[in-house]
Amino acid sequence: MERRKAATRMEIARAAAGLFMRHGLRATRAEDIARAAGVAPRTFYRYFASKEECLAPLFSAGVQKWAEAVRDAPADLSVPEALRHAVVQTLTPGVGVRPESMDWVRALLRLAEGSPALLRVWGEACQGAERTLARVLEARASMAGGGTEFRLGAAVAGAAVRVAVEAWAAGEEPADGPAGPVALAVRHLEALRDFPWGAA
């Protein structure tokens with residue numbers, strides 16, 4: 001049952017994203033999204049309170065994937081190495097993400113910049129991933145024998161990657177180039193070289 005609900009939410013999210021990208025946020029109504037997703041308007045409102053909230057499953061899936069990739073990184077990697085490994089695994093077109101998905105990321109983040117409601121949905125997704133990452137860092141620290149400020153470490157790492165993706169989305173550089181999200185995120189994480197990850 002829960003799996004079916006999650007699938008329905010994602011179907012609605014994808015339909016909304018497609019309409020937003022083709023027609024714009026303002027011109028797209030909740031009823032349009034429901035029709036495109038093949039559900040009744042009442043079903044739409046059972047899952048989402050507004051059209052902007054429709055993108056929550058897409059945003060959450062993307063950012064959670066990165067946090068989970070940190071969890072799944074080889075156990076012998078240090079925290080900085082695991083963070084970089086996860087960035088490469090999840091943001092490299094053709095490796096952890098389809099190239100066309102990065103086009104969607106760029107388009108949707110640009111929409112969010114012009115919509116406080118959509119920007120809030122993006123921010124909430126990032127906060128959710130930050131909590132996941134905090135648990136991941138706690139698990140890695142316990143294996144390494146120390147550390148308590150897991151939320152701080154997760155917030156720092158999450159901000160480094162989020163700002164990289166947002167900066168790339170605001171420009172015109174290709175996703176796989178030297179100014180792509182992977183390259184920017186790795187540089188941001190490198191700038192945090194002296195952050196006390198062992199205590200985070």
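A disulfide is a pair of cysteine sulfur atoms within 2.5 Å. By that rule, this predicted model has zero disulfides.

**Cysteines**

- The sulfur of Cys54 lies 18 Å from the closest cysteine sulfur, that of Cys126, so the pair is too far apart for a bond.
- Cys126 is likewise in no disulfide, its nearest cysteine sulfur being that of Cys54 at 18 Å.
- Cys54 is buried, because its relative accessibility of 0% is under the 20% limit.
- Cys126 also counts as buried, with a relative accessible area of 15%.

**Nonpolar core**

- The largest nonpolar core has 62 residues, and the members that touch the most others are Phe59, Trp66, Leu83 and Leu133.
- At least two residues of this core come from each of helix 1 (2-23), helix 2, helix 4, helix 5, helix 6 (99-113), helix 7 (116-144), helix 8 (150-170) and helix 9.
- Helix 7 contributes the most to this core, with eleven residues.
- In soluble globular proteins, nonpolar side chains tend to be buried together.
- Phe59 touches Leu108, Leu109, Leu118, Val121, Trp122 and Ala125, when residues up to four places away in sequence are not counted.

**Trp66**

- Trp66 sits in helix 4, which spans residues 56-72.
- With a relative accessible area of 9%, Trp66 is buried.
- Trp66 and Glu113 are 47 residues apart along the chain, and their C-alpha atoms are separated by 22 Å.

**Helix 5 and helix 9**

- The axes of helix 5 (residues 79-91) and helix 9 (residues 181-191) come within 9 Å of each other and cross at roughly 170 degrees.
- Helix 5 is therefore roughly antiparallel to helix 9, as the crossing angle is over 145 degrees.
- On the helix 5 side, the residues in contact are Leu83, Arg84, Val87, Val88 and Leu91.
- On the helix 9 side, they are Pro181, Val182, Ala185, Val186, Leu189 and Glu190.
- Sorted by class, the contact of helix 5 with helix 9 holds nine nonpolar, no polar and two charged residues.

**Helix 1 and helix 6**

- The axes of helix 1 and helix 6 come within 10 Å and cross at roughly 75 degrees.
- Helix 1 is therefore roughly perpendicular to helix 6, since the angle falls in the range 65 to 115 degrees.
- Helix 1 takes part through Arg14, Ala17, Gly18, Phe20 and Met21, and helix 6 through Trp104, Ala107, Leu108 and Leu111.
- By class, the contact of helix 1 with helix 6 has seven nonpolar, one polar and one charged residues.
- Leu108 of helix 6 belongs to this contact and is also touched by Phe59.

- Thr8 lies in helix 1 and counts as buried at 6% relative accessibility.
- Thr8 and Gly38 are 30 residues apart in sequence, with 9.8 Å between their C-alpha atoms.
- Asp32 is placed in helix 2 (residues 30-37) and is buried, with a relative accessible area of 17%.
- Leaving aside neighbours within four places in sequence, Asp32 is in contact with Leu19 and Ala27.
- Ala30 is also found in helix 2, and at 9% relative accessibility Ala30 counts as buried.
- Ala30 touches Phe44 and Tyr45, not counting residues up to four places away in sequence.
- Pro99 is in helix 6 and is partly exposed, with a relative accessible area of 46%.
- Apart from neighbours within four places in sequence, Pro99 is in contact with Pro93 and Gly94.
- Pro99 and Arg42 are 57 residues apart in sequence and 34 Å apart in space, C-alpha to C-alpha.

Methods:
Residues are numbered from 1 along each chain as its sequence is written. This is a predicted model: local features need pLDDT of at least 70, side-chain atom pairs count only at pLDDT 80 or more; totals for chains, interfaces and linings use all residues. Side-chain values use heavy atoms; hydrogens and water are left out. Helices (H or I, at least four residues) and strands (E, at least two) are DSSP runs, numbered from the N terminus. Buried means under 20% relative accessible area, exposed over 50%, partly exposed in between (1.4 Å probe, protein chains only). Axes are lines fitted to C-alpha atoms, for helices over the stretch in contact, and angles run from 0 to 180 degrees between N-to-C directions. Angles under 35 degrees count as roughly parallel, over 145 as roughly antiparallel, 65 to 115 as roughly perpendicular and the rest as oblique. Contact means heavy atoms within 4.5 Å. Ala, Val, Leu, Ile, Met, Phe, Trp, Tyr, Cys and Pro count as nonpolar, Asp, Glu, Lys and Arg as charged, and the others, Gly among them, as polar. A nonpolar core is a set of buried Ala, Val, Leu, Ile, Met, Phe, Trp, Tyr and Cys residues joined through side-chain atoms within 4.5 Å.
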